[in-house]
Amino acid sequence: IMSGTIAPITEFSPLPATTEERDYTLNCFKKSANELISRGIKCHPLPKGSKACHTPGYYELASKDPKVIAQWVKQNPAANCAAICELDNLVVLDFDNLALINSLPQPLPSTFIVRTRTGAHVYLRPTDATRAIGNSSATRLITPIIPATETTPKIPAVVEHLFDFQCDRKYVVGPHSIHPTGIRYTIYDDSEIISCPEWLSTWVR
């Protein structure tokens with residue numbers, strides 16, 4: 001866990017969940033939810049070891065009420081936890097590519113950051129600029145489509161997904177949850193969540 005000016009994020013590797021921690025999923029949802037609601041973030045259960053939420057109306061059902069959290073813990077203590085992004089409360093810059101983080105025009109300032117299987121979730125408070133951007137994502141063309149010839153089939157383009165900007169009525173998997181591969185979503189920087197810097201909003205746009 002880092003605080004202050006963060007080091008290059010490639011210096012940190014996510015930790016696989018141990019057998020004890022897989023059984024620790026007996027407390028996985030509780031640990032994640034408590035971390036999130038302590039930061040004023042609504043949450044909602046996800047299936048154990050899953051990233052997908054199939055609950056209709058999960059956004060409206062999401063809560064930061066400790067009584068509701070306690071009920072969910074009783075119902076499914078092994079659940080993963082979704083951190084809910086709201087237009088006026090939380091945006092998350094969801095990086096799939098760590099190299100992209102370290103090539104930003106400025107170093108990321110200290111804020112709450114969770115390491116994922118291949119990237120990182122950067123938690124930020126919304127601003128007028130982030131609300132103007134809304135939900136967005138970015139990809140990069142690696143190789144273009146190669147048309148078919150008389151002897152070879154068409155080869156589709158190869159596209160790399162770079163990031164998602166989760167701004168409104170979206171979610172990311174919360175800290176302490178377990179990825180389907182067994183990797184633990186681990187806190188990298190436990191700083192307070194800061195407002196999205198203007199330069200970062202410009203870069204996302």
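Ser32 is buried, with a relative accessible area of 0%. Its place is in helix α2. Beyond four places in sequence, Ser32 touches Cys81, Gly174, Pro175, His176 and Ser177. The model is predicted.

**Confidence**

The chain averages a pLDDT of 85. A score of at least 70 is reached by 84% of the residues. Residues 1-7 stay under 50. For that stretch the model still has 22 contacts beyond four places in sequence. Where pLDDT is low, the predicted coordinates should not be read in detail.

**The cores**

The largest nonpolar core has 31 residues. Phe29, Cys43, Ile69 and Tyr123 touch the most other members. Two or more residues each come from α2 (28-37), β1 (43-46), α3 (58-61), α4 (66-75), β2 (80-85), β4 and β8 (170-173). Strand β2 gives the largest share, 5 residues.

Leaving aside neighbours within four places in sequence, Cys43 is in contact with Phe29, Ala33, Leu36 and Ile37, among others. The list also includes Ala62, Ser63, Ile69 and Trp72. Cys81, Ala82 and Ile84 are in contact with Cys43 as well. Cys43 counts as buried because its relative accessibility is 0%, and the cut-off is under 20%.

**Cysteines**

The structure holds 0 disulfides. Cys43 is in none, and the nearest cysteine sulfur, that of Cys81, is 4.0 Å away. A pair would have to lie within 2.5 Å to count as a disulfide. For Cys85, the closest cysteine sulfur is in Cys167, at 8.0 Å, so the two are too far apart for a bond. Cys85 counts as buried too, because its relative accessibility is 0%.

| Cys43 | Cys81 | 4.0 Å |

**Strand β5**

Strand β5 spans residues 120-124. It is mostly covered: 5 of its 5 residues are buried. Both faces are covered. Ala120, Val122 and Leu124 are buried on one side. His121 and Tyr123 are buried on the other. Tyr123 also belongs to the largest nonpolar core, as one of the residues that touch the most other members.

Two strands pair with β5. Strand β3 (residues 91-95) pairs with β5 in the antiparallel sense over 5 bridges. Within that pairing, Val91 has Leu124 of β5 as its bridge partner. Strand β4 (residues 112-115) also pairs with β5 in the antiparallel sense, over 3 bridges. Here the bridge partner of Arg115 is Ala120. A hairpin joins β4 to β5 through 4 residues.

**The loop at Gly40**

Gly40 lies in the loop between α2 and β1. Beyond four places in sequence, Gly40 is in contact with Lys64 and Asn89. Gly40 and Asp65 are 25 residues apart in sequence. In space, their C-alpha atoms are 9.9 Å apart.

Methods: Residues numbered from 1 in each chain as written. Predicted model: local features only at pLDDT ≥ 70, side-chain atom pairs only at ≥ 80, totals over all residues. Heavy atoms only, no water. Buried < 20%, exposed > 50% of the residue type's maximum accessible area, 1.4 Å probe, protein only. Pairing = 2+ DSSP bridges. Core = buried A, V, L, I, M, F, W, Y, C linked by side-chain atoms within 4.5 Å. Contact = heavy atoms within 4.5 Å. pLDDT = per-residue confidence, 0-100.
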